[in-house]
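Student: Please take a close look at the metal sites in this model. I would like one connected account of how they are built.

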Amino acid sequence: MGHSEIACQICGVSFALARIRTPQEPPTAAWSNHGTTDGGYVWSWAPEEDDFDDEKSDGNVAGGCMIAVRADRDHEDGDLLALSQHPEEEMYLEDMHGIPKHDRAKILKRLRDLEGKYCLEHVAGPECGNGDGYHGNRISVEEMRTCSTMQGLVKKPSDWEPEDGDEDFERSEGYFLSGLVDSVTTVDSLYYESSHPKRHGCDNILPTMWYRDIVNDTFHMDFYSIAIHPACLETFKRATLHRYDRVDVGAFIQWWEMDSDGKSLSRIEDDADVRAGRSQWWQHIQGSEYLAANPCFVPNLDKAFLPLAPQSASPAGHEEIFSSLPSEIRGLIFNHLSLEDISNLLLASPLLNRCSQDDLRRRLILEWPWLWEAWSKLEYSAWVGPTARDLRESVKPPGKQVVISDTDAVNWGSAFRWISRQRSNDELKGLRNRQRIWKRSGEILDRIDQLRKYEELAKDASVLSISQGR
Ligand SMILES: [Zn+2]
Ligand SMILES: [Zn+2]
């Protein structure tokens, strides 16, 4: 069967995402596509002396990338450590043109000796072109740390009993949440890694990509789970809350099970970045790092929501005119302006800014419904922030949910401008991913709405035929 990666059934992205650290980051900031906690990393290779012969090579070895030696301390050589180009680790620039030939020969021999043990790591320079992982200078560890952490929605056995910590939907739906697992990135790793904590007696979660495999009993499995990122499920929950005014995880499960009659997952059109990334091995394409970012905990997002300044004493005359218009008229004028125009207009007029916040927030929710901080205080599930390792080692993960207790006290114009500006610089990657997952959730819900309508019609028709005695 060969290498086959498991993808999150909500966002469509593989769990097998690697990260290549920069020289400034510690070894723990690097991981391979086998997950965040197995100690692996993207390998490097020892260059040849010929690579640095200006007559034979083009002199363009790498974009400032480095080779880190990840051997045991016992193997370290004092003489070589003095040649290291990193203050704390044994690390060398891949491009060794500037190193005297005698020293370079020693380094190359050391690297060649180590190569057989697979102890060389590729470390990303500013112009790194390595596609085996996303680069540390393009996405932070904090944004990416849960990208390989999977949770299973496990099919309930017939003797299932509720347990402490169950979410409401676990009691009412046919599936429950497993603990977390950081390393089940491929089908090959299915049986080796247990989830933590063990929930409802289940620690091996056997994630499945297709419900039709279960219906057809393709793998003769006693049980199975649907693989998700916890943060993607939170995003889906809010999409249902926005549409139905209540959380409806059952809608996702119903959609996923539609696969059994051929209405499959793949019929949700993936966006271009996911299509480009999906391959037998995930393609870490530059510019699509946001696909790895946690959509719930977005570093720095709290900076968007500044308090509204106190009312100034004497507004200028032209401000008075605009802000003294009845709110219905102002609303009509705003309808013809873009969010950007409105927020700029409010920037120029503090008084208008004060009396138009409600209009602006409503407009923001209409255009950016995925900015749930503007309309929801629903608390995140405890599964969203940590990795399985965090839970095992009782480590508190970074990140705090942004909850706005008083939406009337926030300057929504400045929130819009700040978020827009950050996004145009490719910051707030988690928010960009959230917008994408929100759209995908909406497409799932469109299908479910359709399905439920048909079911309703079919029920009405059968009631009608019964009442007519047919
Ligand atoms: Zn996901
Ligand atoms: Zn590189």
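Tutor: A residue counts as buried when its relative accessible area is under 20%, worked out with a 1.4 Å probe on protein chains only. The model is a predicted one, and the values below are computed from it.

Start with the zinc ion (ligand 1). Its donors are Cys8 (SG), Cys11 (SG), His229 (ND1) and Cys232 (SG), at 2.1 to 2.4 Å. The angles among these four donor atoms run from 102 to 119 degrees, and the site is tetrahedral. For reference, four tetrahedral donors have an ideal angle of 109.5 degrees. Along the sequence, the donor residues of the zinc ion (ligand 1) are spaced C-x2-C-x217-H-x2-C. Cys11 sits in the segment before strand 1, while His229 sits in the loop between strand 9 (225-228) and helix 6 (230-244), so this pair ties together parts that are 218 residues apart in sequence. Cys11 has a relative accessibility of 1% and therefore counts as buried. His229, at 9%, counts as buried too.

Next is the zinc ion (ligand 2). Cys65 (SG), His122 (NE2) and Cys128 (SG) coordinate this ion at 2.0 to 2.2 Å. Water is not among the atoms, so a site may look incomplete. The donors of the zinc ion (ligand 2) follow the spacing C-x56-H-x5-C along the chain. Cys65 belongs to the loop between strand 1 (19-20) and strand 2 (66-69), and Cys128 to the loop between strand 4 (120-123) and strand 5 (134-135), so the pair ties together parts that are 63 residues apart in sequence. Both Cys65 and Cys128 are buried.

Ser148 lies in the loop between helix 3 (141-144) and strand 6 (150-155). Its relative accessibility is 1%, so Ser148 counts as buried. The side chain of Ser148 reaches the backbone oxygen of Phe15 at 2.9 Å. Setting aside neighbours within four places in sequence, the residues in contact with Ser148 include Phe15, Leu17, Trp31 and Val181.

Strand 7 pairs with strand 6 in the antiparallel sense over five bridges. Within this pairing, Val154 stands opposite Phe176 in strand 7.

Definitions and conventions: Residues numbered from 1 in each chain as written. Chains lettered and ligands numbered in written order. Predicted model: local features only at pLDDT ≥ 70, side-chain atom pairs only at ≥ 80, totals over all residues. Heavy atoms only, no water. Donors = N, O, S within 2.8 Å, 3.2 Å for Na, K, Ca; no water. Helix = DSSP H or I, 4+ residues; strand = E, 2+ residues; numbered from the N terminus. Buried < 20%, exposed > 50% of the residue type's maximum accessible area, 1.4 Å probe, protein only. Polar contact = N/O pair within 3.5 Å; in protein donor to acceptor, adjacent residues only side chain to side chain. Contact = heavy atoms within 4.5 Å. Pairing = 2+ DSSP bridges. Tetrahedral: all angles 85-135°; square planar, octahedral: opposite > 155°, others 65-115°.
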